[in-house]
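The sequence and structure come first.

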Amino acid sequence: MRRKRGFSMERKKALWGWIFVIPSLLFFSAFSFYPIINAFYESFFNRNLLSLRPPRFVGWSNYTYLFNSRDFWLSVQNTAIFTVGTFIPLVVFSLILAVFIMSISRFRRFFQLAFYAPAVLSSVVAALIWLLIFDPRGLANQGMNALLGTTGVNYNWLSDTFMLRLSTIVVYFWKYIGYFTVLFVSGIGAIPHTLTEAALIDGANRWQLFWRITFPLLKPTTLLVSVMTMIQCLKTFSTQYLFTSAGAPTRPLNVITLSIYNTAIKDYRIGRATAMSILLFLVMFAFTWLQLRVSRTEEVTFM
Amino acid sequence: MHLNKTRSWYLEKAGTAFVWLFLIVACALVLIPLVFMFTASAMPARDILRLPYPWIPKGIHWPNFIKGLMGPEDDWIFFRNAFNSLVVAGSVSLFTVLLSSMTGYGLAKFKFRGRTLVFMLIMATMMIPFEAIMIPLYMVAMRMGLQDTYAGLILPFLANAFGVFLMRQFLITFPDEILDAARIDGAGEIRIFTNIVLPSSGPSVATLAILAFRSQWDSLLWPLLVVQSDEMKTIPLYITRYMAETHSDEGIMMAVAVLASIPMITLFLTLSKYFVSKDGLTSATKG
């Protein structure tokens, strides 16, 4: 009797488990699993958004088109330049800022919040502010002229290829620097005081303290932050979209997401856009997998 | 005592001074664009791009804000668009919390066959970036007749793998004794969930809700795809539209930027601990 009741209790609990899980499984199926499977499928067809003719199976030709397309490789190059150009300074400077913040005894919270403040703004607003700063008569030129002792030089922030790419990097750097600083601060905060105190008692100076204690123990955090930044940068869209729709030349800014968007929405070539999405997906999948691996090993144990 | 003031003592002092100087300069550089946004929003356009930039506005130039609210066609559409943003961000945040905590609870506290598989499948979606599926998703939304509707803006974001993960991790440590005691007292499973589990998940729920709200308030790409009419636009689309149509008036643009940032700045000033909490930070890649 008792046994039977226990058994039915278990089944009842299993049933409730499913009841709690099923609603979101439905959403995941409709808006995550189906689209990604469908994306693989669509990338072999030449669907056109406006055409009434049924899409035709074209095999790998969307992919071969892309691999032979100079525009596609340009957008790959743009994305790579943006990613490398953003993530290295971001990681280096957020680490420096975090170490500096943790080495002072007062105003730690203030500095963290101040550096974090730009992350609160939406990316559209961030791009808008910087568009005005990069205006030929704007603050960026004024600042550069004051710094380099020149007068009235226009640094072409929004027209020269190199400067334009730099501009988008500056916007991104500005928006996310505080974010990663705070991540590093919490990483440093997790290092036991006993370790740093022991090093100081042994006569280590700050330089040695950083290279011998803090940095080695922060390696997992650094790795995690690096992969996270790279993933973020690979998906960059808003800044480039805003800058180009404000009249900046498209070619130097045509990153892969912008290219997917334009191919699908302006050229109506769904098949080709999906093929690009799949390629982006494969790259980001690799990075995300790496991130999950890294964050699993993130917890350092301090004996 | 002054024997201690050796070379290393001076080095130490110089180091401290350098650290403070670096932090203060960096802080100023980071805050300058924000100060620019606020000061420029109060100036007429002709002052903003003057050389050198005046920095201190002579009073507030109200026409910037009034025109910013009226919109490019003087129909006060800002309010409608802000309402849309609030509806979308509010519903996504509410339903994400509800769905994620339900799923997290189901996975953490109930044993059933396939539980591990379900969890793995959900975690796998973290590896599918939105940018990679937006075009197929757009086709799905079109087929379901969701373009230009609230449902179209809201539904794709309700299932949130990070949210499920966060809630499951939190609830796995929730004491079983409390749940069993409630069951013995005759409480139904739904009541246990709504009256016991949900209220005690405060901090995780707050982190998740703010995260969802922020990413929707910020969202540009998906609304660009699904929204067609000006009435259904959200704030980021309002800004891009404004920029395309009145690119010349910098004062209005900055006023719009300030208006669009008010909700987030308010949230940040009141709930900053949830913004900079570790959970909220590591999740960014999915936002």
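## Domains of chain B

In this predicted model, chain B is divided into domain 1, residues 7–62, and domain 2, residues 69–286. The C-alpha centres of these two domains of chain B are 34 Å apart. Contact between them involves 9 residues of domain 1 of chain B and 9 residues of domain 2 of chain B. The two domains of chain B bury about 670 Å² between them, and carbon and sulfur atoms give 83% of that area. Met37(B), Ser41(B) and Ala45(B) account for 56% of what domain 1 of chain B buries against domain 2 of chain B, more than any other three residues.

On the side of domain 1 of chain B that touches domain 2 of chain B, the elements giving two or more residues are helix 1 and helix 2 (45–48) of chain B. Helix 1 of chain B provides the largest share of that side, 5 residues. By class, this side of domain 1 of chain B has 8 nonpolar residues, 1 polar residue and no charged residues.

## Domains of chain A

For chain A, the domain assignment gives domain 1 (1–42) and domain 2 (61–296). Their C-alpha centres lie 38 Å apart. Here 4 residues of domain 1 of chain A are in contact with 5 residues of domain 2 of chain A. The area buried between these domains of chain A is about 420 Å², with 79% of it on carbon and sulfur atoms. Of the area that domain 1 of chain A buries against domain 2 of chain A, 82% is supplied by Ala39(A), Phe40(A) and Glu42(A), more than by any other three residues.

Between domain 1 and domain 2 of chain A there are 0 salt bridges and 0 residue pairs in polar contact with both residues at pLDDT 80 or more. The side of domain 1 of chain A that touches domain 2 of chain A has 3 nonpolar residues, no polar residues and 1 charged residue.

## Interface between chains A and B

The contact between the chains takes 98 residues from chain B and 98 residues from chain A. Together the two chains bury about 8700 Å², of which 79% is on carbon and sulfur atoms.

Across this interface there is 1 salt bridge. The side chains of Asp218(B) and Lys175(A) meet in a salt bridge, with an N to O distance of 4.0 Å. Between chain B and chain A, 7 residue pairs are in polar contact, both residues being at pLDDT 80 or more. Helix 1 of chain B, residues 7–41, gives the largest share of the side of chain B that touches chain A, with 19 residues. That side of chain B divides into 71 nonpolar, 13 polar and 14 charged residues.

## Positive phi in loop residues

Trp76(B) is not a glycine, yet its phi is positive, near 55°. Trp76(B) lies in the loop between helix 3 (62–70) and helix 4 (77–109) of chain B. Its relative accessibility is 43%, so Trp76(B) counts as partly exposed.

In chain A, Phe107(A) has a positive phi of about 65°, although Phe107(A) is not a glycine. Phe107(A) is found in the loop between helix 3 (70–103) and helix 4 (108–120) of chain A.

Terms used
Residues numbered from 1 in each chain as written. Chains lettered and ligands numbered in written order. Predicted model: local features only at pLDDT ≥ 70, side-chain atom pairs only at ≥ 80, totals over all residues. Heavy atoms only, no water. Helix = DSSP H or I, 4+ residues; strand = E, 2+ residues; numbered from the N terminus. Buried < 20%, exposed > 50% of the residue type's maximum accessible area, 1.4 Å probe, protein only. Contact = heavy atoms within 4.5 Å. Buried area = accessible area lost by both parts, 1.4 Å probe. Polar contact = N/O pair within 3.5 Å; in protein donor to acceptor, adjacent residues only side chain to side chain. Nonpolar A, V, L, I, M, F, W, Y, C, P; charged D, E, K, R; others polar. Domains from an automatic or database assignment.
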